[in-house]
Amino acid sequence: MSFLLALIVLAPALGALVLILLGRFLGKRAVFWFSPATVGISFLASLIAFTTFKNHPSVFYLFPWISVGKFHVDFSLLWDPLSSIMALTVSGVSFLIHIYSVGYMGEDPGFRRYFAYLNLFTFSMLLLVLAPNLPMMFVGWEGVGLCSYLLIGFWFDRDTAADAGKKAFIVNRVGDFGFLLGIFLLFTLLGNLDFQYINSRAASLPTTAATAAALLLFLGATGKSAQIPLYIWLPDAMEGPTPVSALIHAATMVTAGVYMVSRLFPLFARSGLALEVVAWVGIITAALAATIALVQNDIKKVLAYSTISQIGYMFTGVGVGAVSAGMFHLFTHAFFKSLLFLAAGSVIHAVGTQDMREMGGLRRKMPITFWVFTIGALAISGIPGFAGFFSKDQILAQAYLHSKTLWTVGVITAGLTAFYMFRLIFMTFYGEPRGWKHAHESPPVMAIPMEILALLSVISGWFFSSFHQWLKPLGYIHLEELAHERELILMGVSVGLALAAIVLAWWIYLKRKRGLRTGFLYTLLTNKYYVDEIYEALFVVPYREGARAVSRYFDAGVIDRAVLGSGKLTLEGGRLLSFLQTGLLKDYALWMAAGIVIALFVALRGLL
Amino acid sequence: MTSVMIFLPVAGAILLLFVPREKTDFVKYFALGVSSAVFFFSMWFFLNFNPYYPFPQFVERARWIGFGLNYHVGMDGISLVLVVLTALLSPLALASSFRYIKEREKEFYIMILLLETGMLGVFVAQNLFLFYIFWEAMLIPMYFLIGMWGGERRLYATVKFVLYTMVGSLLMLVGIFYLWKHSPHHSLYFYQLYSLSIPWGSQILLFLAFALAFAIKVPLFPFHTWLPDAHTEAPTAGSVLLAGVLLKMGGYGFLRLAMPLFPQAFKFFLPYLLALAVISIIYGAAMAFVQEDAKRLVAYSSVSHLGVVMLGIFLLSLRSYMGGIYQMLNHGLSTGALFLLIGMLYERTHTRDMKKLGGLARPLPVLAAFLMITVFSSIGLPGLNGFVGEFLVFLGSFEVNKTAAALAALGVILSAVYLLRMYQRVMQGRVKNEVFLKLPDMNLREVLIMVPLVILFLWMGLSPNFFLKKFEKSARLMMEITQQKYKTLYLFENGGER
Amino acid sequence: MLDLAFWLLFLLIAAGLGIFLFASEEDKSVVSLVAVFSALGGVFALMGYTFLGGIYVLLYAGAVVVAFLMVAWLVSGRSREGRSIKWAFFLIFISLGTELSLIFLGSRSVFRRVSTSVSALGELFLGKYLYVFELTSLLILTAVVSSLVLMRRRS
Amino acid sequence: MIGVLPLAILVSFSLSALLLDLWAGRRWAKFASYAGMAAALAAEFFMWGRRGTYMGGLLVQDSMGIVAGVLILIFALLTLLITDGYDLKLNIREGEIYILLALSTAGALVMVTTRHLLVAFLGMEILSVANYALAGMRKDELSREASVKYAILGVMASVFFVMGMAFYYAAGGSFFLDPRVAANPSPLALGAGLLLLSSLMFKVSLFPFHFWTPDVYQGSPTPVTAFFSVVTKTAGFLMLLRISDFVIHPGVKWFILGSSVLSMLYGNLVALKQENIKRLMAYSSISHAGYMAMGLLLGKAGAWALLFYLAAYGFMNLGAFAVISSFLEKNSLKDFQGLSRKYPYLSAFLAFFMVSLAGFPPTAGFLAKFLLFAEVGDAGFWPLVVVAVLTTLVSVYYYLRVVLVSYMKEGPGIGYYYSTGILAMFTSTFLVLELGIFPSTLLVFLKYFVG
Amino acid sequence: MSSTALFLLSALLISAGIAGFFVRKDLLTMLLSGEVALSGANLALLVFATRSSPTEAQAAVIAILTVAAAEVAVALAAIAVAIRDKGKATEDIASEMKG
């Protein structure tokens, strides 16, 4: 069994290694075939493991890593319900996106480098997911951060891409700073960093310590999953190739934060405050991101903000105690969000621009993409029958039980989600063509993965109950009962809102043909509440200018001058003393006479 | 055997004296041969080292000048790994200067070999007198290296370097006199001195003298202004060895001498030292962020990284102590690699001003790849060597002093900031000068220099136990001595015998 | 009678010194020195060191001062600068004078006339102090060689 | 009578050199001088077995005296090696330079082997008189100035010595040095000690009696400067050691301490800005005198460390002057620029001596400072040791400046002449390294016999 | 003829001699005043020796005299050469080297 798990993780790693070292010698065809194959193997292996292995959690030891005194960390893999699901989704989606990338990145000269990074990413994500303890998870955690840096800045000769990559890594690094401190705090409290050990001992921790550790870990989660304080990197991450956004910034990496919180749920549960924070940060991020998405004109930026918003939902789900609901939304979101990104990718691939104002009327030219995109949109808007409905409403229901305001914000955001999704559809696919000359449907190698994902984003919604049962053995998975009719009413409200939003979007963008252009709200939203500028002003500028000032005035001015000053002083002293050497015999004799006078004085004084 | 290893480079240097100046190739490969021989020696020691014996091994003693000034060398775990680091970096530094140094090659390689002996000697000396001799003898070769083959302001930089280091070491010398005269029958053997009880007043002064000498060498915050000048003006090989090994002597000095010899004084000054270490981390990173010259940037990054090392060593928890030592090795390798790469870059573009560089990843993909790996190793990316060291240091120091550890952990972010900014300004973006487009990528020699380093990055990152196990026992012993677990160390009188 | 002679010589020496130090002409100051040294020779004789007194007068008053006179004439008239730093002279003269006299008087050794015989001196020089005698001869030889070397013109 | 053998040999050879110079010419005088010194050196070793007092106590061959004698003769021989080609290059045709060197060495020998003040005075004067002439050998304006200054200030120094003798005679009743006189705290005895001290401080150029040193060192020919800086200093310090019983009085201790500190500070600081290498060596010798004066504070107990320092300092200085003299009278640092390119071996020698003068391990300079400073520190003078160490730091700057000029600066490089000076360089390098790395034989010998 | 008088005379001679170096910039005067100081010291020596052994003191003084003579000879030679070259006997003929 441990060989199977090792295969899941190491297959893409080997792929990456081969591509990096021997890439130069592999032809285009070989790479196109080899790289998806490795991920395919790992998907198959996780499928086999998923089916054969009954879900009692077990850790499989591979080889030792660090052991200093009582601190031991080994390379080992954990297979339990939570990690099995994650492994399955990650390897599955990644496999599909690898196939899609063959089409998308076919002509790009750096394709070897691209596939190597993609494989490396899959390896890191799987490592993160299957890690049995926090340090191992941290290795995966930073690994995915690295790959997202590499892939965002893939077209590095474009300054914007390079900046975006750097920004992503640094903001993630800020999150990892919190994550690290959380790990250290937990180690000082418990002495052991295995998840099972932490979860079992969580109850015995003092609340303040548990809260501190949980919040620090949550800071790491917000960094990785782009939540309130540290989400600014995700919109800029759209500089990377679209399949990358699909894989990393929709399906896998950004969900790592949710996975970590649900993995350490008992710790968060022990400090009630931490769960509250998770829930509220989640819902506020969801709302905020949704509002910004309303006015974005770049197709990928809309989807990016929608991702932030959906992840907000997942955090809310976990935050209110419904871990299975949160995880289920993560599960379904992986499919329809990656679908939406891939579809957007094929649109961009066809039209060559990302700006929706230059699109329009693509419905006839790209029917498959259109239909697939619509399915995705319906799923995300929570229209019954599609995956999004089941998972989102489950979260809203649990949220309602937790606190009314939480639910109301959630529902409104759901409405907004529907609005901006269909605004996107109407602007790109309906109306008359604006700006693009010719467009062609994507080749099958890109179309098939989209169709599979479309299928998944429909049927995956139906398996919530089996999903819930599958997670039961974790121990902390439970859903409050909600009176049946109350549930129906909530569902009705959210679906109604969604449909109304769709009609509104149709009316604005197809009937009156122009969205809102001006007004204070519009400028506020298009500039993303000026959050980037605020961060720049609060952190980046003072640090840079302060450092420059310190470097010029303090480092060179004070310390160095003091050092040089003492040197110059001595030299000057030497120069002054040399004036004693007048060259005149009389002065020399005078000094000698003075010496004698002092000598005799000393003699007279005797015991000086 | 230890003595053979130390004095092999000097012998090589003396032999080189008789080689005519014109035969530069012979000089180069001879020097490389000698240096590699030293490396194989260190490998032999590394493999034959018994990790469960904390006292110095491979000990060689001899009566020398008498009156306690004897020749006494030996290696315990900590010295062993540092010796291996030195023995590894020297041939690499040598090899990297084959094309870099174009005039007076013979003197250059003689100086490098002399420097190597000085460096090795410091780590293996077990007698304070011998330690001081190697400590000072190392300055002269470095003086010539920076002075004769350096950049424009080399004279200023080299004089500043020697004098700045001398201030500290001369005051330490006064401390050594005191110890020499007060140690029982004038023995200066480390483990003998550890059991020497020194009155409080003089212990404070002695500790200050020793701490100043080592703080300048580390360099800790206020004493660092010599480092950027020395680095920018030194030739590549000089910078590699200066950053890779010389800076470690400060840390080594603290853990081997300053702390165990004067434990009470150390406890008294601990808060100030911690403050300096933390400031070094943040200050170094901030200064690195605003540098325009690539080498100055790496110099300030060394200040920051070594702040982490010193934090680990000062806090005396097992993890942070061993993490500190491990981070010394990592810093040696990754900063050494950084300097090698910047040197190769300088050989091609003849400028280190990052404003003139840009988009070099296009013409030099291999160099860009190596630079990226090195940048990520020194940022501390898990899976590479930097992470293990920093993780252990912060983990260990968190157990002892949470605020210091938290502040120091900020360094994790800041190091990413300035290193990635450097990488972007040098490698990414548009090429600013068309001539750079036609630059030749790394030739076989240069790749062969970098490959062992990258292998070591991965090896030390993925299976650190192989190295940690070697110096764990010795580290424990040094910590216990520093925390004065053993009231009297008579059992160590000649405990060092193997 | 003895004391009277002594005080006379004392005055002579003091006056001679005064002229030597402060005379404006070169030759007058050198001549005054002859008087000083002869008077000193007299003092020695009074103390009982008759042989020494004689040598003193002969050696100093005669040879040394005459040598100086020659050199002074060689250069005379051209080099008479005015007085230079006076304060140094007085400062040193007074401080040294007081210190020396304090020490001398502090020694409380009482003086009484001695009678010396030249033969005892001879025995001493060729007996116990033979080594000193040899060394003085070596010294004189060195002096001769040195002064010859110094005086020789560049060849 | 055997005690006077080394001196007798040396004097007789110098006299024969004098005669040979008249009849057979310069080369014979030189050989006679070489032979004289070599024979005297042999006699010194021969003397080792026959230690004791001779000449009715006027001449005493004790271990300190013999060691100093050996050192003086070796230094003198090395000086001869340096002088050999030098005088011809400056067309000093006459052979007197060798005779005077021999006579001066004889004076030094007399000084170091006596406990009788009058004999010491005579020895000192033979040394000085010969030195006054040696200073003026170069026959140009600076050399003349050097000899004038040295002579006149020398006269003043000898006045002090005679005053000291008079006081000593008054206090002790005889010219023989004996500790009882040094012990009694009467102003007369203290005065005697301090006056003798001052006169000898002039000889070894300690502050405030050092002012003649820079001008005389610069003025006189380089081999002679080497001779002054080494032989005169050794003889001077030996005499100082002999009268160091006076050090038990706090007043005297403070006087020496003050002079030592001031010499160190003055010597090192003024040397920083020197452009002429001989003046720089002069200030360096003042600073080293300051370091050695610290040894005096320990009285006779510190004699072994002081003698070791003298030996190390002597060979370093001689080596350095051997190199400097091979560039004849081109002594400005600008002339030394780019030296290493034209003469790699010569500049290597110079660099080596400069490094050892600065006190870098593994040279004798370092070990000498290590041993001496530790002894002085152990006697409780820790602040003084700190000052000494910090002034050593200052000295590193100007010593390395010479190295910096010759290695790291470009320049035309100056003419050089091949002479037996090379031999002196090799011997000095060998001895400096040997004293630095394998000094145990000499050290044990010194500590046992002299300490 | 009391000892105090003799001591006063000797102190007068010595201090006048040493102080004489600064009275005039003339080299000869310096040299001569050195001799005066020296003879003052001789006088002191003789006075002290009256009680113990006058012959030894006399011998010493004679030795000192020869020393003085030798020194004067060489010093005078040096100065004469300087005067011959520079034409004047003041101190600035020997003040080239400074700093």
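Reader: What share of the contacts in chain C with a separation of 6 or more comes from residues 24 or more positions apart?

Author: Two residues are in contact if their C-beta atoms, placed from the backbone, lie within 7 Å. In chain C, residues 24 or more positions apart account for 51% of the contacts with a separation of 6 or more. Note that this is a predicted model: local features need pLDDT of at least 70, side-chain atom pairs count only at pLDDT 80 or more, and totals for chains, interfaces and linings use all residues. Residues are numbered from 1 along each chain as its sequence is written, while chains are lettered from A and ligands numbered from 1 in the order in which they are written.

Reader: Which secondary structure does chain C have?

Author: Helices (H or I, at least four residues) and strands (E, at least two) are DSSP runs, numbered from the N terminus. Chain C has six helices and zero strands.

Reader: How does the radius of gyration of chain C read against a compact globule?

Author: The radius is taken over C-alpha atoms; the globule rule is 2.2 Å times the number of residues to the power 0.38. For 155 residues, a compact globule would come near 15 Å, but chain C has 20 Å. Its C-alpha atoms fill a box of roughly 50 × 45 × 30 Å along the principal axes.

Reader: Which chains share the most contacts?

Author: Chains C and E do, of the eight pairs in contact. Chains B and C do not touch; their nearest C-alpha atoms are 40 Å apart.

Reader: What does chain B touch chain A with?

Author: 40 residues of chain B meet 36 of chain A. The largest share of that side of chain B, 11 residues, comes from α17(B).
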